[in-house]
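User: I'd like to learn how to read a two-chain model by its features. Could you walk me through it?

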Amino acid sequence: MNNQNQFYKEIYRLTKYHYKNSKEYKKILNLLFPGKIKKTIENIPFIPAKLFKDIKLKSISDKKVFKILQSSGTSGGKTSKIYLDKQNAQKQTFVLNEIASKILGKQRLPMLIIDEKKNISDPKQFDAKTAAILGFSLFGNSHHYLIKEKKIDYKTLNNFMEKYSNSTFFIFGFTSYVYEFLIKSINNSKLKKNFSNAVLIHGGGWKKMEKIKISNEIFKKKLKEKLKLENIFNYYGLIEQTGSIFFECRKCSCFVTSKYSDVLIRDKNFKILNNNKVGFIQLLSLLPKSYPGHSILTEDMGEIIENNCNLCFGKKKFLVHGRAEKSEIRGCSDV
Amino acid sequence: MTGKINYLVGNAKFSFDPYEPFSKEVCIFLDIFSKELNLIKDIKNYPDLKALSFWCRNKNISKLKKNFNLDKNRIGLGGIFHVTPANIPTNFVYSLIFGLLTGNSNVVKVPSKEFEQVNIICSLIKKILKKTNNVLKNKITIIRYTDNNEFTKKISSRCNARIIWGGDQTINSLRNFKINERAIDINFADRYSFCIMDASKMEKMSNFEIKNLVQRFYNDTYLVDQNACSSPHLIVWLGKNSKKLKEKFWKELYDLVKIKYKFNESALVEKYTDLCKFAASLNNIKNIQKFNNLIYKIELKKIDKNNHNNRGKWGLFFEYNSKNLAEIKNIINNKYQTLTYCGVDKLLLKKFVLQNNLKGIDRIVPIGQSLNIGLLWDGYDILNILSRGIEIK
C-alpha cells in the first residue's frame, strides 16, 4: 500500500510538472479538469493516446529534443510523435532493462529478430516497431534477422540455430510477424534444429490477430506444436509509455504491472470500474517527463483481474480485450 | 484499375435520353414505389425508409409538380451520373428521384459498403420496373464498383450532368475525369451548419414547448451523429444572455440523449480526443461543460472567421453569446449551409444574408428541419439546373 501511495505521489508531481512545462497540456487541464490538480487516483487527469497525433505535446524546449518516436500510422493516417530528451530516453532503456531482465536474465543472449534488417536513415527519428526492436536488441548479442525480402532466410536461420540453439537464446518480434513467419510460413523440413531453448518475447498488433481470430492461447499452442517453442511472453505497452511495459504472467497470462506503472479501467462516463469489469484502459507510467504521457486513456478495452495465481500473487494485473468494434458514423461529411 | 461493375438495377444498355419533367410515368412509378416501400415487412426498423416512402408519396410529388411551372417548355438534360455518399444509406434514392423528376436518365453509383436499405430499395425498384414493363427501364441504372477509372472516365465524358455528393475529396478526385463541354457538375461539398436561438424570446415558451424544441434539435443532430452537412456545430444565442433558459435547454437535451442516443463506445475516445484537441489548440474558449460524455459544450468568448473548422461529432457543440446578428456576419463564408433558428424572425435572417452580401447560408429553416431534403438544396435550384428551357416565340 505504501508503494501505491508513493506511486500516486509521483504521478501527482508529474502532472504538476507537465502543467507547468507544456502550454497545451496546461490548457487542457484548465478547461477539462478545472480547479486545483487533484491527488486522488480517480481524479488524476488523463489525455487520450490519439491526441499525440493531432497536437505537438512536449514539456521540453525544442533544443532539448534528443529523439522522436513515431507510431506506425495506419494507412494514410497520422502518426503520433513522442519527444524525448536524453534523460528520458535513458530512463526508458533502464526501466525496460529492469523489467525484461526478470524474464531474460542479466546475461545477453544470442538474438533472433523476426523482421528484416533495416538501415535506420535518421537515428533521431523512428517508428514504434523499430524502437521496440532497438530497445530489445540491448538484451541480445549476435543479432540475426529472420526475414529477407519478405521471406524466411533459412540459411541465416540454420546458421543461427546451429551455433546457438543448444542453450538459451532469445527471439523477438511483433505478434503478427511471429504468427506470419514462425507459425504460418515456416517449413519444418527445412529446419535442422528445434526451438525448445528459445525465449520468445512478442507484442503489439493484436488487432490483426483478432481479425483472423487467433487468441493468445492458440498462438502459444501452435508454437509449441510446430517448433517446440514453450517460453513465450506477450507484452503490452504504449509508444507513449515506452519502457514501462507489461509482461504477461507465465502462468495466468494476465499483464502484470510493475513499480513504474499502473492501470485503471473506466466506463463510458469515465467513472472508475471495479475489478473484473470491462471498460477503457487507462495506463499510468512514471517515465514520461519530456512529454505529458504519464496518464493516458487508450482505445483498448480491458479489465483488472483478481485471481488466485500463485506466480504473480499480490500484483495488480489486467487483461486486454482489444478495441471496441468500430461502427460506421452516420451523416454525410467525410471530414 | 478495372474493378467489376456490379449492376444492382438495370444493365450496361442504359439510356442517356431526356424527357419531360414530372412525366406521368415517373409520377406513377414514385406513387407505387412509395406505397410498396411502406408495405415491406421490416419498415419499422428503418426510419430512413419510412421517411423516404413518406417523401415520395403522391401528395408531396403533386405539390412539387404544382410549384414547378410546366408551361416553361422544359425537358431534361439527358443522362446523369450520380456519385452518392458513403454514409447515408438512402441518399442515393433522393438523388435518383431528382433526376427522374427533372426528366433525365440516371446511372447511380451507390456506396461500396453494403447497407441493407440499398438492397431493399434496389430489389423493389427492379420489381416495379419488371411488373409494369416500364418505359423507365433503361433510365434507372444502379451500380456499385470500386477502382474502375476506365468506367468513371467513360461515363463522365458521355453524361450530360454529374451529381457528386461530397466530401471534398470525392469531388476533387472526380474533377480529374473530364466532362463534355456542355455538361455540368453539381457538387455537394463539405459544409458547415449552425443554429441561432433568441433566449429572451424563448423564455416565454412552456415546458412542453421547450421539450418539443429539444426533440427537434436532437433530430437535427444526434439522429445522424451530428455528422450531416446540415447538422449544426455552433449555437449562437442571440440578445439578452439568459442563463436560466440556456441551462434548461442543455439539461432537457441531456435527459433526452441519455434515453434515446445509442452512443457507440468505439467513438467515445475519438470524441474525447476531439475535445482535448480543441482545448489545446483554440485560444478563444471561455469554458467547457461536459454532460458525462454525451454532450460536450465549448463556450467561445470570441468568434472568428476560422470558425467553420470548429466541427463536432456525436454531440460536441460550440456555443457563443452574441448581442446581435451584425456581430457574427464576419464569420460567414461559403462553407456555411444551413441556419436553423428558434425565436428569431426568418425575414430578419433573410435580410441578414442579403444586406451583408454573405457568400454562405443556403438554407434558413426552423430547428428540426435541418435534414429535410428538398428540390432547393445546398443553394441549388435542382429542378431548373437539371432541365433545359426551350425558347419558343
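Analyst: Let's go from the overall build of a chain down to single residues.

Analyst: Some bookkeeping comes before that. Residues are numbered from 1 along each chain as its sequence is written, while chains are lettered from A and ligands numbered from 1 in the order in which they are written. This is a predicted model, where local features need pLDDT of at least 70, side-chain atom pairs count only at pLDDT 80 or more, and totals for chains, interfaces and linings use all residues.

User: Okay. How many helices and strands does chain A have?

Analyst: Helices (H or I, at least four residues) and strands (E, at least two) are DSSP runs, numbered from the N terminus. Chain A has 9 helices and 16 strands. Its radius of gyration is 21 Å, close to the 20 Å that the globule rule gives for 335 residues, so chain A is as compact as a globular protein of that length. That radius is taken over C-alpha atoms, and the rule is 2.2 Å times the number of residues to the power 0.38. The C-alpha trace of chain A spans about 65 × 50 × 50 Å along its principal axes.

User: What share of the residues of chain A count as buried?

Analyst: A residue is buried if 20 or more other C-beta atoms lie within 10 Å of its own, exposed if 12 or fewer, and partly exposed in between, with C-beta atoms placed from the backbone. In chain A, 41% of the 335 residues count as buried.

User: Which residues of helix 6 of chain A are buried?

Analyst: In helix 6 (residues 154-164) of chain A, they are L157(A), F160(A), M161(A) and Y164(A). They cover an arc of only 95° around the axis, which puts them on the same side of helix 6 of chain A; the arc is that of the directions from the helix axis to the C-beta atoms. On the other side of this helix, K155(A) and E162(A) are exposed. As for contacts, two residues are in contact if their C-beta atoms, placed from the backbone, lie within 7 Å. The buried residues of helix 6 of chain A pack against strand 4 (109-116), strand 6 (140-148), strand 7 (151-152) and strand 8 (169-174) of chain A.

User: And where do the two chains meet?

Analyst: Here 30 residues of chain A are in contact with 36 residues of chain B. The largest share of the side of chain A that touches chain B, 5 residues, comes from helix 2 of chain A.

User: Now chain B. Which strands pair with strand 4 of chain B?

Analyst: Two strands pair if DSSP finds at least two bridges between them. Strand 3 (residues 79-83) of chain B runs parallel to strand 4 of chain B, joined by 5 bridges. The chain crosses from strand 3 through helix 4 (residues 91-101) to strand 4 of chain B, and this β-α-β crossover is right-handed: with the strands pointing away from the viewer, the path from the first strand over the helix to the second runs clockwise. Strand 5 (residues 140-144) of chain B also pairs with strand 4 of chain B in the parallel sense, over 4 bridges, and V108(B) stands opposite I142(B).

User: Are the faces of strand 4 of chain B covered or exposed?

Analyst: Both faces are covered: S105(B), V107(B) and K109(B) on one side and N106(B) and V108(B) on the other are all buried.
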